[in-house]
Every structure is written in structure tokens, then in C-alpha cells.
Amino acid sequence: MTTARPRLPSYIVLLLCVAPFLWYSAVVIIRGIPRDPVAALTSWSGTASLLLLVASLAITPLVRWAGLKAIAPWRRPLGVSAGLYALAHTLVYLGLDYGWAWSFIWVNISSKRHLIVGTVSMALFIPLLITSTRGWQQRLGARWRKLHFLVYPAAIAAGLHFLWLVKTDIRWPVVSLVAIGVLFALRVRRRAIASR
Amino acid sequence: MSHIPSSEITPEQLFWQRRRMFGLPMIAGASAVLAACGSAAPVSQELPAAPEATAATGAVVGPSDELGNTLTPYETVTGYNNYYEFTTDKERVKDVAAGFVTSPWNVVVDGLVAKPRTFGLEDLQALQAAERIYRLRCVEGWSMVVPWSGFPLHALLSLVEPTATAKYVRFETLNDVTRMPGQSEPWYQWPYVEGLRLDEAMHDLTLMATGVYGKPLPAQNGAPLRLVVPWKYGFKSIKAVVRITLTDTQPTSLWMAAAPDEYGFFANVNPRVDHPRWSQADERRIGELGRRPTLVFNGYNDQVASMYTGMDLRKFY
């Protein structure tokens, strides 16, 4: 590994961020508009968010242990787009699926565990999204890192949201949760080593 | 929206012309004839389709059900459903099921009956025809309004004469992984099994469907023969039926075996009893935005509630 900071064109990470959108657009072009577009949008935005979240969390370990220093700047855009897909997911649920019918929404969100953890995940994401700019990073200084460590509980909550939502085939939720758990453990271990 | 060739559209229009011509009676006309029928006595034949029945009940003859709900379009009814024997992707069942061969097809009717018999499809064609517009409420929280054609299940059961000891009816789907690739999924105990109490099976609303929108049932909708029980969640309405067995013990359905805390034997549509993972108080009609309240017994309360008098529907969900 060279010590000089390698540079990658920034459009690569941009392409990664919009890849889910392009993928599902292709699905619509090839297969036609889904019979239940609301369900499709809900599932697609949720899947995209979780994938990008895992990708974002994987950057730091990849930089540190695989020496892929060039991808270090990808962490923030991947994380921000994960948050934006999650926001779209939430808006589709509230607006398109439930038509802002708060009485129905409240019955569900207040009593069902997958919706409780989903709400927690979104609630944790919102301050992270707002403070994801360089301006906020400078303003918050050392507190920024502490605040953005919340991405781990947010990710675990998102993984549980997925696990508790599926009927019986829990393969993908388990894969997501294991990935998030491993990435979280690596990060905690590194912190522990650093603070020794 | 390129799923259906334009040639497929015409029959739907013809379907409505036919409906107007014959003035088919709606379910309200033949309601509650068999309510609380716990005995195994053969059941009298349903009234034939008669124009005066329509006039008497004031049933709507047009593209809506008796509550004024608009029919779900043919392309949606035949392009979006659950049928795990093919795939768990509701949008893809139609493609995966394409080419599923439904002829020849036999249905074994056995168990506690005086005259066990194997029916070919041609035998079933001779049974009285019925056309019913039913609301379909999936346990997942979505719904449709579907015009089925077929015959009431009691017409079939009366031919085999259930004995006095028969209490339940057990239904079984074809079990053939070479024709139904989804049956390789290890999560479920194939074949798909469903069951009804005998009085539910004999109820006039309980339909064996062989067609939809006046056309033969497509493979993805359960061809050649499926159950339709409109006051229960959709998963009760078992598809591609090959065996109907009268028993004295309550059958264990595939879903009861897979997740007993989530799916009970009765599975009556009930907005007051939540699914463990979501509320059943509301539903989204496919094609609509927003939610509508779910009705007790899916809106068939007047016809079926008497069968459950005295039962704790929270316990017997």
C-alpha cells in the first residue's frame, strides 16, 4: 500500500448511491408498472436503504483492514443516501399507503414491534441526515463523531424491522443483521483498542 | 402496463353484456339458506339464476358488488396474488405459473362420506353454475373485489353424502414440485392444506371457483378449481384442489403448522383481532391509495355471524 492518498473519480460513489433507483427503474421498464405500486415502492425503498447502510458501515473496516484508502470518502454519501431512501420509505408508508390516516397509522406504529423499531430507526436517522453536512461537522466538532455513532443503533433497528416484518423466510434479514452486527463489533473493538 | 394483450379486453366487456342479459342474482338473494347447518343431510339445490331474484333483492347488476365496491380490474386480479406453490413474489406468480397444465385433472372426494368418488373436471361442469362478486381480503392487509364463477361447494358435497360423523372438510392442493417449483421451499410442509367446519363448507357463500370474469380460471388464480370463502382471509381459499376429505377431526392447515400463533383454523376476517405483526383494522384496496376500514366478516356478517354465536373469536381466530 502506498501512503499517498489515492483518488477515485467521485462519480463512482454517486453511481452506487443511485444504483438501487436505476435498478428498480429497469425493473419497471422490463416488467411494467407493478400491480401494487405502493407495496413495490415500500419494499424497494426499504431494501435500498438497508443495502446502502451496510455498504456505508463497511467502508471504515475496508479502509482500515483491507487498505482500500481510496474509498474512505464514500462513507458519507452512502450513509446520506441510505437515510434518504429510508425517508422515502417512511413517506411512502405514511402518505401513499396510509394516506396520512393517523388513526390507522397510530394503531399500527404503537403496537407492532417491527413498526416500533422502524420508527426508532427513522427517528435516529433524522438528526444524522440534518447534521451530515461539513458545516454541521465543524460546528459540532468532537460531538459530531459521538452523534454519528448513532448510525449503529439505527442500523440494528432497521435490521430488526426487516426481520420482524417477514413471514417465514428470514434468510435476508438474518444476513443483514449479521453483517450489521459484525461491522458494529469491528468498530467497537477498534474504539476499545484506540482508547487503551 | 403491457401485461395483457388487447384481445383479452373484449371478453370482459362481453362478460358485462352477459350479466345484464341474464340478470344474475347476487349473493344477498340466496343468503343464509344454510346458516347454522350442522347436520350432514344433503342440501337442497340453490335457486337457479332467475331474473326475478335480482329484482326482488335489488341487487346491482354492474361492475360493483352489493356494497357498491368497484370490481378490481381483470389484469390486477390475474396479475397480483399469493401462490407460494409458484413463487412468494405476488407480482410474478402469473409468469411463473404460465404453462401449468390443468387438464386432465381429478378431484378425489373421500373420507366420512357415503359415496366417495373421484371427479373429473367434466363431471364438475355439470354442477350448477354460480356467478358471485366477492370481496377478497388478504391477511396481509390488502383487498380486491372479484367476480368469480363456479358452483357452491354444497352442490358437490351433497353428491357424496357426508355421514353423520363428518364434522370438518379438509382440502389439499396438488403436490408436485416438478409442476409447482415453489414447493421446493423448505419453510412449509407441502402440500398446501386447508380446512373448514362442515357448516361453513355447506354455507351457500362457499364457492368452488372455476372461472373469473366469466373466463376459465387462469393458472395463477388456482386453476382448474379453487375454493373461495369470502368472509375468511384469502389464504383459506385453497387453490388447485385435488382432494377433499370429510373428517371428524379439525384439519391442520399449512399456515397453522407454519405459524400457529399467527394463523388459526377459522381465520375469519375480523378488524378487532390483530395479526401479531400488524393491525387488521384497515386494508388497502389494490389500485387505491390510502386505507379503508376492514369490515367484520369482510362485510358478510349478516350471512355468516350466526355460525359463530357464543364463540370467542379472539380465541378461535
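Okay, quick one on handedness before we start: a crossing counts as left-handed if the near helix is turned anticlockwise from the far one by less than a right angle, and right-handed if clockwise. Now the housekeeping. Residues are numbered from 1 along each chain as its sequence is written, while chains are lettered from A and ligands numbered from 1 in the order in which they are written. This is a predicted model, so to speak: local features need pLDDT of at least 70, side-chain atom pairs count only at pLDDT 80 or more, and totals for chains, interfaces and linings use all residues.

Scores first: ipTM is 0.83 and pTM 0.82.

On to the helix pair. In chain A, H3 (residues 75-97) packs against H5 (residues 113-130) at about 130°, axes 10 Å apart. Helices here are DSSP runs of H or I, at least four residues, numbered from the N terminus. Axes are lines fitted to C-alpha atoms over the stretch in contact, with angles from 0 to 180 degrees between N-to-C directions. The crossing of H3(A) and H5(A) is left-handed.

Who touches whom? A:Val80, A:Gly83, A:Ala86 and A:Thr90 in H3(A) meet A:Met122, A:Phe125, A:Leu128 and A:Leu129 in H5(A); contact means C-beta atoms, placed from the backbone, within 7 Å.

Next, A:His161, which sits in helix H8 (residues 151-163) of chain A. Beyond neighbours within four places in sequence, A:His161 contacts A:His114, A:Val117, A:Gly118 and A:Ser121. A:Ile116 is 45 residues away from A:His161 in sequence, yet 8.1 Å away in space, C-alpha to C-alpha.

Last, chain B: mean pLDDT (the predictor's per-residue confidence, 0 to 100) is 85, with 80% of residues reaching 70 or more.

Technical notes:
Helices (H or I, at least four residues) and strands (E, at least two) are DSSP runs, numbered from the N terminus. Two residues are in contact if their C-beta atoms, placed from the backbone, lie within 7 Å.
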